[in-house]
Amino acid sequence: MTTVVRRTALAGGLAAALLAGPLAVAATAAPTATITLNGSSASVSGNNVTVSGSAVTINAPGSYQISGTLNNGYVNVASAAAGTVELILSGASITNSSSSPLYVTDADAVTVTLAAGTSNRLTDATTYTNTEEPDAALFSAADLTIGGTGSLDVRANYADGIVGKDDLVIQSGTITVNAVDDAIRGKDSLTINGGTINVTSSGGDGIKSNETEAGKGVLTITNGNITASVADDAIKGENDLNISGGTINVTRSYEALEGLRTTISGGTINAVATDDAVNAAEEGLGHMQPSAIAFIRVTGGTVVATGGTDGFDSNGSLTFAGGTVVAKGSSRVGGGEGAIDADGPITFTAGTVLGAGLTSMAVFRAVPNTGQGWVAPRFSANLAANTIVHVVSGSTVLASYRTSASTREVVFSSNRITNGQQYDIYTGGSVTGTGVGGYHSGGSISGATRVLTGVIAGRYGRF
C-alpha cells in the first residue's frame, strides 16, 4: 500500500480557480504535455510523462491533456513534488482488465477537467490483481476536484466508481457512474457545487462521505442536478449531510438521504426509499432510545419524501423551520411508524409540512403549544389512493392533499394553522394550483363530504 504524505499548499492556479467559482476549473494555458492514447500504448508531446507499454505515469505537477483510446492499461499520477496536477480529459477512453484505469497514488492535489464538447469514459476490471489500492475506476489518494463542461462515463465493475480518499469536490460537468458498489465516495468530505450527476449502484451506496472521525464524513450539496438509483443509501454523510441547493431525484434506494446530522436549507428533492426516505441515525442506540446528537432540520427548499417505512425518521430531534415538505410513510399495516417519526422532540416553527400514512409519530412527539400550529386528523377507515382531503376553516380551504396510497392519517402544519383553533376535514371536491407531491395550497369543497368536525389544532385527532 502506498503511503501518501498530504500537503497543505495548493498551487496558485487551482486556488484561484476554486475562488473564482465552479465553472472556473479549466485550463487557461498550454498543457505541460499532450498524451495521445493509441490502443495499446501512448505517445507524448511534452515532459514529465513516462510510457511503458500500456502504462502511462505522470510524475510532476502541471497540466496534461489526454485523448484517444487505451484498451487495456492505465494512467497513474505519482507526483512527489509540491503543486497541482491537472488532467484534461479531451475525448479519452481508458479500459483496464486487471485494475483501475485512472488513479492517483501521490500528489498535492489533482484536478480532472472535462474538456468542453468531449465525451470521456473509464472502465475498470471485474477483478483487481492488487488487493488494496487503487480500488475504484477513478481513484485518488490526494484531494480531487472534477470540473469542466464535458462528460465522463464511469463503469465500475469491481467496486466503487469515483473515490477521493481525502476531499472530493465536483464543480461541474456531466458525470454518469454505474457501479457494483458505491458510485461516488469522498472519504473525508464530498462537496457538490454543480454539474449533472447520474449514479447507479447494484449493490452499494450512491453518493457519500464515509469517514467517522469528528469534523469529517461531511457531504455538502450546494447546486447541481443529481439522479440516483441504488441498492442501499443514495445520499449519505456519515457525520453531516448538508443540502442547500440543487435538484435531487432519488428513484430507488433503501434509505434516500441519511446523516447523523441532516440539514436541508434549500434545493428541490424527491426521495423514494424502501425504508426511511430522510433519516438521521446514530449507531449503537437501543430501540426508541433518543439520541442527544442526531437531528434532522429543514429550513428551506422543497422536499417530497416517500418511505417504505417512514418519510422522515430521526433518532434524535426533528425540526421543520421553513420550506415545503411532503412526507409519505408506509401504506402497509405494520410497515412503519408513519410519515414523520422521531425518538426525540418534533418541532414545527415555520414552513409548510404535509404528512400522510397509516400512522404518524408527529402527533406523539410534537412539542405542544410552541411554534407553528399543526392539525393531525385520523380517519375512521383507510382512505383509498387518489382521495382528496381538505383542511377547512369555515368555508376557506387551507390545504388540499390528493393521497397517493392507502392513508389513515394526515398531518398538516403551516402559518395558516393556529393551535387551539378548530378545523373541519372534508374528502372529495377538487384541488387547485400546482401540486407538490400531492399537496396543494388550495382546493374546492364543492361536492365534498365533511368527515371530521371540530378537529382541534395541536392535539392528536383520533376519531
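How do the residues of the lining of the largest cavity divide into nonpolar, polar and charged? In this predicted model, the lining comprises seven nonpolar residues, two polar residues and no charged residue. The chain contains two helices and 43 strands, and buried residues account for 55% of its 463 residues. Among contacts between residues at least 6 apart in sequence, 56% join residues at least 24 apart.

**The cavity and its lining**

- A search of the whole structure identifies one cavity of 30 Å³ or more.
- The volume of the largest cavity is about 40 Å³.
- Its lining is formed by Leu354, Val389, His390, Val391, Ala399, Ser400, Tyr401, Val410 and Phe412.
- Three strands each contribute at least two residues to this lining: β35 (388–393), β36 (396–402) and β37 (407–413).

**The open sheet that includes β35 and β36**

- Five strands form an open sheet in the order β40-β36-β35-β38-β42, with antiparallel pairing.
- The edge positions are held by β40 (439–440) and β42 (449–456), each of which has a single partner strand, so one side of each is left without a neighbour in the sheet.
- β36 and β40 run antiparallel and are joined by two bridges.
- Tyr401, one of the cavity-lining residues, stands opposite Tyr439 in β40.

- Strand β9 (residues 109–114) is largely enclosed by the rest of the structure, because six of its six residues are buried.
- Burial applies to both faces of β9: Ala109, Thr111 and Thr113 are buried on one side, and Val110, Val112 and Leu114 are buried on the other.
- Strand β7 (residues 84–95) runs parallel to β9 and is joined to it by six bridges.
- Within this pairing, Glu86 has Thr111 of β9 as its bridge partner.
- Strand β12 (residues 143–148) also runs parallel to β9, and six bridges join the two strands.
- Val112 stands opposite Ile146 in β12.

**Ile146 in strand β12**

- Ile146 belongs to strand β12.
- Its relative accessibility is 0%, so Ile146 counts as buried.
- Leaving aside neighbours within four places in sequence, Ile146 is in contact with Val112, Leu114, Leu138, Ile162, Leu168, Val169, Ile170, Gln171, Ser172 and Ile175.
- Two of these contacts, Val112 and Leu114, are residues on one face of β9.
- Ile170, another of the contacts, lies 24 residues from Ile146 in sequence, with a C-alpha to C-alpha separation of 4.8 Å.

**The loop between β10 and β11**

- Asn130 lies in the loop between β10 (119–123) and β11 (136–140), and Pro134 is placed in the loop between β10 and β11 as well.
- The peptide bond from Glu133 to Pro134 is cis, with omega near 0°.
- The side chain of Asn130 reaches the backbone oxygen of Pro134 at 2.8 Å.
- A polar contact of 2.9 Å links the side chain of Asn130 to the side chain of Ser99.
- Not counting residues up to four places away in sequence, Asn130 touches Ser98 and Ser99.

**The loop between β37 and β38**

- Asn419 is located in the loop between β37 and β38 (422–427).
- The side chain of Asn419 reaches the backbone nitrogen of Trp374 at 3.2 Å.
- Asn419 and Val375 are separated by 44 residues in sequence and by 7.9 Å in space, C-alpha to C-alpha.

**Asparagine residues with positive phi**

- Asn48, in the loop between β2 (42–46) and β3 (49–52), has phi near 70°, a positive value in a residue other than glycine.
- With a relative accessible area of 32%, Asn48 is partly exposed.
- Asn386, in the loop between β34 (374–383) and β35, has a positive phi of about 75° although it is not a glycine.
- Its relative accessibility is 55%, so Asn386 counts as exposed.

Methods: Residues numbered from 1 in each chain as written. Predicted model: local features only at pLDDT ≥ 70, side-chain atom pairs only at ≥ 80, totals over all residues. Heavy atoms only, no water. 1 Å grid on protein atoms, 1.4 Å probe; cavity = no way out; pocket = protein on both sides within 12 Å on 5 of 7 lines; lining within 4 Å. Points joined across faces, edges and corners; volume = space filled by probe spheres on them. Helix = DSSP H or I, 4+ residues; strand = E, 2+ residues; numbered from the N terminus. Nonpolar A, V, L, I, M, F, W, Y, C, P; charged D, E, K, R; others polar. Buried < 20%, exposed > 50% of the residue type's maximum accessible area, 1.4 Å probe, protein only. Pairing = 2+ DSSP bridges. Contact = heavy atoms within 4.5 Å. Polar contact = N/O pair within 3.5 Å; in protein donor to acceptor, adjacent residues only side chain to side chain.
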